[in-house]
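Please open the structure in a viewer and keep the selection panel at hand.

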Amino acid sequence: MQSALISLLNGVTYGLLLFMLSSGLTLIFSMMGILNFAHAAFYMLGAYFAYQISTYVGFWPGLVFAPLLVGVVGGLVERYGIRKVHRYGHIAELLFTFGLTFLFEEIVKLIWGKATVDYRIPFSLEGSLFTLFNTSFPVYKGFMMLVSVGMLVALYALLTYTRIGLIVRAALSRPEMVEALGHNVPRVFTWTFAGGAAMAGLAGVIGGNAFVTEPGMAAALGPIVFVIVVVGGLGSVVGAFAASLLIGILQTVMVSIDYSVLDIAREIGVKLPPEAALTRLSITQLAPIMPYMLMVLMLIFRPRGLMGARET
Amino acid sequence: MITPPLVTRRRLAVWGAFLAMLIAGPLIFNKGFALSLLCQIGIMTVFALSYNMLLGHTGLLSFGHAVYYGLGAFSTVHALNMHAALPIPVTLLPLVGGVAGLALGVIFGYVSTKKAGTTFSMISLGIGEMVAAMSLMFPAFFGGEGGISGNRVTGAGLFGITYGPQRQMYYLIAGWGFLSVLAMYALSETPLGRMANAVRDNPERSQFVGYNPQRVRFLMLVLSGFFAGVAGGLAALNYEIVTAETLSAHTSGAVILMAVVGGVGQYYGPIIGAALITVLQIAVSSVTQAWMLYFGLFFVGMVLYVPGGIASIIVRHERVWSAGLLRRLVPTYLLATVPALVMTAGVVAMVEMAYAIVDSIGYTTMRLFGVLLNPKGLGPWAGAVLALVVSALLLRLAARAIGARWQDVNTELLTREKSHGDDAGAAPVRGVEELRTGVDHQGSESRSTSG
């Protein structure tokens, strides 16, 4: 029970990190109709940029500058890549961003090598924040929560209370009207894309050292972020939030459960053949496929996702 | 309306030539390496064409096609290993893979083809990842890290065909490959194949004429799964080992690369892509470890500048060639070749020098294009950057010149078309833009998310 509470907290931390990625993805999607396949690659770039900056001047400048750099990369990608393929249709856009994931991964390997880089938690954030039933909760996890919640509040405020947010929201639903009122909608798109990339980059800065910074990190996280967007409902930021937390918590908690299907069956009094491969699976082993299972079930029973306004 | 005849002289000639090529292939390329390369190309051709049934014909961009290929391969290798209990002749084993792919297509197709477009792509990715993750959970079926191996020689075969020698394996692949290519082509000519095109171009309208787009997509996915499974079955027999790698996102990515580079707008496009990418993969990966990066650059470049793939280039030039206007274009093409080569050399130099720095700390010289140079030196880097920038600018100018020539040629074609308006043999002239893209039918479906 004690460890369950801690893994719940860990799950919330992970879920919030996932939301930093999925919110940007879903925002870009609902605005431009582009599913950015390379979104997780921006997460990876954030981690690597922060690592590089931290080797010169330490962690804190990296926290600020790495996301900005990633945002610049994102803006360039939108301006010189996506805008060009846009006229060839959605499939070309998807293919382009799909190719970018390949390219970013290889470029990262080229610059930083194929092995894991030593991107560490800053010394000032080491140690434990509090101890709960003999299990400690690290300071850094708390810091991650703080950063992600802070970013989300800032994003919400920006979209709701500022003039920029007003234009962005208007461009979301009525781009032609916004254009007629004299706003440069393509530029709004570029800024949104850059903003989404920067948010993913920030997630990379705080996630890269908590987990691992290696060339495969984008490929590992990318599909899960997509699943979140589908489960939450395409284009729904609130849905993405709920799905992020759900998947973050489920995956973290499942990893820490040492039961197998066989054990559970025994607990409830059902006898299963112990030698069958399916019954010997432990819950921990099921954790990696859980998000995809959830997605398939969601598509069968509720195709519009948790909060989607329309069927996906 | 008069239905065009099914068997025309032209079709007979094309398919006959294809068959003759398949039969004669190993007589020319009879060395061990060349023969196994041909086998690989054959397998990938079937796989890439099955993929194009979705992307090119139905407009469904799948990121998880390796599921059908990989599970087809695993089913085949298990059927091969159960030979004592279940004596299916090896010749027919690829069908086991096909049936497995078909069955999976029914299951996953039910979930994924409810919607087209971006949603379909995401779901296919999720299903692909799910199956890839499962492969590590069930080592009994997937063989864990080592994979499952089999032995395709199951005894003295009919007429002494044991499939022991690679050449016999080649003819098995060629036989199934030819049948599959023919069957997929025939399918594209059936009402189902035509409706798939209609669903791709305008689902609402196909609904108005009484077809259910969801059902058409489902059927195409199931059939595509079948042929992918056949390709997987051939791969299982050819390599005699199947690993979890066959199910991975890497395999799905490879088939996308082949189809897109070859061109999804023409039936033969993926065949070109499969052959080209297979050869390049072996050739480039043997000389440099940065080959994945080059493939990524190649792919992104194709998507940006030649979205219709190599097949679209062929289609455009075929028309110009038959009008006798190709020589107007050749000089500008030759002019563009020089900066294009220099630019490629610049990129390659930078990538290779960077790899030399990352990989081998300490050694100071490397051989590049036959020249010894220091990868950490300022000179080589400055040279590479200069070559890149200058050639990029020149290439831009050359591209403009090519564009002007094309405009010329197109106007000429249009005027000729007008003066021979009643000529039954004249091909319809399409607009430049349409010829450029080859996939522009997706362009009409703009901004699906307003509101």
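Begin with the two chains together: 46 residues of chain B are in contact with 45 residues of chain A, contact being defined as C-beta atoms, placed from the backbone, within 7 Å. This is a predicted model, in which local features need pLDDT of at least 70, side-chain atom pairs count only at pLDDT 80 or more, and totals for chains, interfaces and linings use all residues. Residues are numbered from 1 along each chain as its sequence is written, while chains are lettered from A and ligands numbered from 1 in the order in which they are written.

Next, select on chain B helix 5 (117–134), helix 11 (249–262), helix 13 (291–305) and helix 15 (326–359), the elements that give two or more residues to the side touching chain A. Helices (H or I, at least four residues) and strands (E, at least two) are DSSP runs, numbered from the N terminus. Helix 5 of chain B gives the most to this side, with 12 residues.

The domain assignment, which is automatic or from a database, gives domain 1 (9–292) and domain 2 (323–441).

Colour chain B by pLDDT, the predictor's confidence in each residue, from 0 to 100. The mean for chain B is 83, and 89% of its residues reach 70 or more. Over residues 423–451 of chain B, pLDDT stays under 50. For the model as a whole, ipTM is 0.85 and pTM 0.86.

Turn to chain A and select helix 3 (residues 59–85), which has 27 residues. Centre the view on Glu78(A), where helix 3 of chain A bends by about 40°; the bend is the angle between axes fitted to the seven residues ending there and the seven starting there. Glu78(A) is also buried, as are Phe59(A), Pro67(A) and Val85(A), among others in helix 3 of chain A. A residue is buried if 20 or more other C-beta atoms, placed from the backbone, lie within 10 Å of its own.

What do the buried residues of helix 3 of chain A pack against? Their partners are helix 2 (39–57), helix 4 (90–112) and helix 8 of chain A, together with helix 13 of chain B.

Finally, select helix 8 (residues 185–208) of chain A. Helix 8 of chain A is mostly covered, with 21 of its 24 residues buried.

Technical notes. The expected span of a helix is 1.5 Å times one less than its number of residues. A residue is buried if 20 or more other C-beta atoms lie within 10 Å of its own, exposed if 12 or fewer, and partly exposed in between; C-beta atoms are placed from the backbone.
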